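Here are some quick notes to go with the model. Have it open as you read through the points.

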Amino acid sequence: MNDFQIKDGTLLDYTGKSSTVIVPHGVKKISACTFSGNDLIKEVVLPEGLIEIGISAFEDCTALTHITLPQSLSKIEWDAFLRCDKLASIELPEGLSYIGENAFAACDSLPLTRFGDCLYLGNTKNPYLALVRAAKTDITTLTVHENTKFILDHALAEQAQLKTLSLPYGLTDIGNGAFESCAALTEVIIPGTVQRIGRNAFEWCENVTEISLPEGILHVEESAFSLSSLRRITLPDSLQTVGWSAFPRSDRVAYHAYGGGLYFGNPQNPYAVLAFTESKELSELHLHPDTKIILDTAARDLKHLKTLAIPCGVRYIGQDAFRQCTALTEVTIPESVHTVADGAFCSCKSLRHLSLPTGQLCIGEQAFGDCTSLTEITLPSCTVDDYAFSACTALEAVHFQGDLDRLGDYAFSDCTALSAIALPTGLAYIGEAAFSGCESLEKVTLSRHTRCDEAFDDPDGITFYYVD
């Protein structure tokens, strides 16, 4: 046990020299880079109860030949086994819900099973759980095995002759770039079991003219269908997030107009997704009450927009959605919203009143950066990404009403009017330069266990008050 550094169920570090590693029971997560670069380990046994393998956890473990994964495992993060080129014995548990980008890239010894023109990774009962890659470069017709849950990143990318594609009911995840640059593909039918369509998944599929996503889809990531020839887009109410430029927006696409906005949707709700506005000269924008998603740049640069009512039911406010709406003075974000994405309200220089939901909230990079009229904010339990409130030069008071899971780099940098801040006690780490340029900051209240090594320009000029 002395070889393992474990805190709150997370394995943080391993210092042993053994070729066989048996991770202790009670560990629920292997943290990022825990075993990365270890060239001694040949075999790893992970305990039942483990839920997640973190980013690059076993990257470059060049001697690793065998790993035992528990049935409890749900998530394998990106680069988890990158360049484990001797890994020849692994069985993926059926309960997996996520396999990150390049999780098994450059693992040349994996025990893959062929079906048709593709190679799969799975387990004894289901060798076809994950489609890893094509077995040849000139596929014209592809039927994915009926027991497949995952199509891994770039698995069928650049199959220029692929014309017909059959995806099985039961598939849950289409990875990043999975069908990128399949230029001959004309039709894509997504089964109702798919929950995520990854970044660039169908980018440059330039002959696909129609896409209908079924109810149940939760996440469509950045550029998923960009640079295609879509003319008709049907999107379900179930969507939780839509990434930057996921769909092309042009006059070839059929939209539904309402209150100054143009929408995608479905037969039951044509207004599920606000795509963009009819004019940059709008002084009023009335969002449809059935809207669920506001896309990236949907209402950017509306210089005359003074008031904004975001209806209850909206879940996701996309990247740069209201960026540089310089006349906007007041925003109330309803309880239904879980994410305010990168730059969503950046440079809304007249914004004086901001009301945020009380539930768990993700505040993206620069989400409210350069809102120079904002004087006070109350934050719920949340994550605050890099530069989220940077250059809010009038900001005098920040109140926390819940836990703070992350405070990113430069999060409150150059908030020159901020004189005091009281941080939640559960915060583990304050990001680099989070309060740099806060020249009026004199008082900081925090836990003794919160790391803040490079958070402040001049910590000697600040009085720190510890609450534990």
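1. Two strands count as paired if DSSP finds at least two bridges between them. Strands (E, at least two residues) and helices (H or I, at least four) are DSSP runs, numbered from the N terminus. This is a predicted model: local features need pLDDT of at least 70, side-chain atom pairs count only at pLDDT 80 or more, and totals for chains, interfaces and linings use all residues. Residues are numbered from 1 along each chain as its sequence is written, and side-chain values use heavy atoms, with hydrogens and water left out.

2. Start with β1 and β2, a hairpin with two residues between its strands. The turn includes Asp8, whose phi is positive at about 50°. β1 (residues 4–7) and β2 (residues 10–14) run antiparallel, joined by four bridges; Gln5 has Asp13 of β2 as its bridge partner.

3. β2 also runs parallel to β4 (residues 29–30), with two bridges joining them. Thr10 is bridged to Lys29 in β4.

4. Most residues other than glycine have a negative phi. Asp79, in the loop between β8 (75–76) and β9 (98–99), has a positive phi near 65°. Gln366, in the loop between β31 (361–363) and β32 (376–379), has a positive phi of about 60°.

5. Buried or exposed: where does Val337 fall? Val337 is buried, at 2% relative accessible area (buried is under 20%, exposed over 50%, partly exposed in between; 1.4 Å probe, protein chains only). Val337 sits in the loop between β28 (330–332) and β29 (339–340). Leaving out residues up to four places away in sequence, its contacts (heavy atoms within 4.5 Å) include Val314, Ile317 and Leu361.
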